[in-house]
Every structure is written in structure tokens, then in C-alpha cells.
Amino acid sequence: MVKLSAELIEQAAQYTNPVRDRELDLRGYKIPVLENLGATLDQFDTIDFSDNEIRKLDGFPLLKRLKTLLMNNNRICRVGENLEQALPSMRELILTSNNIQELGDLDPLASVKTLTLLSLLRNPVTNKKHYRLYVINKIPQIHVLDFQKVKLKERQEAEKMFKGKRGAQLAKDIAKRTKTFTPGAAVQQPEKKKMGPSPADNAIANASSLAEVERLKGMLQAGQIPGRDVRQVPPEMVVEEEEEEEENGVVQMEPEIQMEEGNGVEEMEKEVVEEVQGKVEEVQGKVEEVQGKVEDVEDVKEVEEEAEEEEEQESEEEESEDMDEDSPVNGS
């Protein structure tokens, strides 16, 4: 990469182009940053920065004469603020083959009231929904966009789409900007996503018998999460590994959970332990609930058995009474 220095500007090619504008050729130097442009002494109508490594369109001093800026085939992803103050006569801006991502990244161009030709071909932003109408609405004086003349019908559609409160809200919704880091700004931590029921929750909720609940309880106490696939190791591989360790004279213990360094990992481990303990308590509660139901069923069975015994006794007593009544008749 080459720094854009005053010496480079003085040595660069300068000529009158086919449209009779005075042009400065800074193409293909792999320039990363726009700087030191005051060395041009505001003597050029056109400056060609094609085929460089520029990432941001800013860094211009006051250049009243400059009308055309060729920035194609760079790596531009941001447009600086207050371009209209530095380039009050700019009419044509070519940003073909750059890396502008979002519609909101184009908002600084709205303040350049002299801009009539703009090219954003082969930028990711051109694939956004309502791209062309959004640009026409933001830069109403534009005549040519992506080398296509802006038609009256497009202007009317853009005005209708972004008119009123609904239109303003739509423009606000689609005008996202690429997130960039500002020195000194606090770093925002991503919010933790709320997760749905875990496999263990589903397994416990679907348990239908006491034996199944006991099995889940044993799995949780052993550190296994029900519902997750456990990688099975063939016994032949285990035997071979043990033999290799004995031959080398080294006995290695493989922990079930590999510990990593850092406070973040310790917190994750604590969360896992708390989660397992919570699952164990849930399973124990369910076991007690099932046991209570079993006891209720046993009590019901005992009551039914007692009722059957009482019925049998009553029937036996009735039969004995009938026999006593019949005996005197038989004797006579």
C-alpha cells in the first residue's frame, strides 16, 4: 500500500480528459486512506481514485472546483458526513464495485444537493428491497442512478411510498446502518437468548410410569442429560487404548467433562451443575407424586377388599338365618 502524500500527488498524471475537464489520475496505487488532498491546490475538475484500497469516503479539504469523483473498485463501506461542505460542486460520484452494505449508509449523500449522477453498481446495498426508490427519495435531484435515467414514474412511486407518517416509519425501518466501532464507546454485551424447554424437561414431562421417572433420576444424578445423544465407544477401541497406555507405562484419566480456562467456562459449569441439581429436584418431586398416587391406589384396593369381605359375611349370615327358619318345618 502507498500513502497518499503530497509528493505522490505532484508526480501523478495530470491531463485534460475527453470532456475537457482537468483530471488527476491516482488510479491503482493501493491507497488505503484519503489524505493530503490540499496538495492538489484545487486545480482539478475530476480525480480518479479507481483500483485502490480506500475504505471510507472522507478526508477531503475544501475543493470548490471538483465536479467528478471516480471511486470504483475500492473497498468503501462508509460515507463520511458533511461532504457538501468539502465538495460544494460535486455532481458525479462513481462508487461501482465497492462494499456498501445498508441503505442507511447512503444517508450522508442526501446533503450533497449538487449530486445528479450516482453509481452504486456491484455493491451489496443494491440487493436491498426498495433500494432504487429509497435513493431517489433521499436524493430527489438525482438524474441518473446506476447509469439509468430516473423516470418521472419512479419519482412519483418514491414520493408515494415514503409520504406521511407511514412512509417515514418505513424509511426508518429499512435504513439500517453498518455497525462500526467508535473508540471510547462502551461495548454492548449481546443479550442472552431465551431458550425453550430442554430435552430433560421434555423427558420428565413425558414420563408415564414410576420406573421411567426412576431411570431419569438416575441419569441426572450421573451427570447425563436425558434426551441428548451419548456418543458410544466400541469396547474394542477401549481395550486397545488401555493396552497402549499400559505399554507406554502411562495411565491417563479421561474426565467426563473437559475443563477450559477462564471465568466464562467456570460460570458455564456452575450453570450446568445448577441445572442438573434442579432437574434432580424436579425428578424427586415427581417420584414423590407418583408414589403418593400409588399409595392412593393401594388404599382404594384395600377399601374395595374390605367391602367385598363385608358383603360375603352378610351373605353367609343371611344363608344361615334361612336355614334356621326352614329346620322346624322339616321336623314336623
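pLDDT is the predictor's confidence in each residue, from 0 to 100. This is a predicted model, in which local features need pLDDT of at least 70 and side-chain atom pairs count only at pLDDT 80 or more, while totals for chains, interfaces and linings use all residues. Residues are numbered from 1 along each chain as its sequence is written, and side-chain values use heavy atoms, with hydrogens and water left out.

**Exercise 1. Confidence**

Task: State the mean pLDDT of the chain, and examine residues 250-262.

Solution. The chain has a mean pLDDT of 79, and 72% of its residues reach 70 or more. Over residues 250-262 the pLDDT stays under 50. For this stretch the model has six contacts (heavy atoms within 4.5 Å) beyond four places in sequence. Where pLDDT is low, the predicted coordinates should not be read in detail.

**Exercise 2. Strand pairing**

Task: Determine in which sense β2 pairs with β1 and in which sense β2 runs with β3.

Solution. Strands (E, at least two residues) and helices (H or I, at least four) are DSSP runs, numbered from the N terminus. Two strands pair if DSSP finds at least two bridges between them.

Step 1: β1 (residues 13-16) and β2 (residues 22-25) are antiparallel, with four bridges. T16 has R22 in β2 as its bridge partner. The two strands form a hairpin with five residues between them, and R20 in the turn has a positive phi of about 65°.

Step 2: β2 and β3 (residues 46-48) run parallel and are joined by three bridges. Here D25 has D48 in β3 as its bridge partner.

**Exercise 3. Salt bridges**

Solution. A salt bridge is a side-chain nitrogen of Lys or Arg within 4 Å of a carboxyl oxygen of Asp or Glu.

Step 1: K67 and D21 form a salt bridge, with their closest N and O atoms 3.5 Å apart. D21 counts as buried at 12% relative accessibility; buried means under 20% relative accessible area, exposed over 50%, and partly exposed in between (1.4 Å probe, protein chains only).

Step 2: R27 and D51 meet in a salt bridge at 3.1 Å, N to O. R27 is partly exposed at 41%, and D51 is partly exposed at 26%. R27, D48 and D51 are linked in a network of salt bridges.

Step 3: E53 and K30 form a salt bridge, the closest N and O atoms being 3.8 Å apart. E53 is buried at 17%, whereas K30 is partly exposed at 40%.

**Exercise 4. Surroundings of N123**

Task: Decide whether N123 is buried or exposed, and list what N123 touches.

Solution. N123 is found in the loop between β8 (117-119) and α3. Its relative accessible area is 2%, so N123 is buried. Not counting residues up to four places away in sequence, N123 touches L95, T96, S97, N98, N99 and I100.
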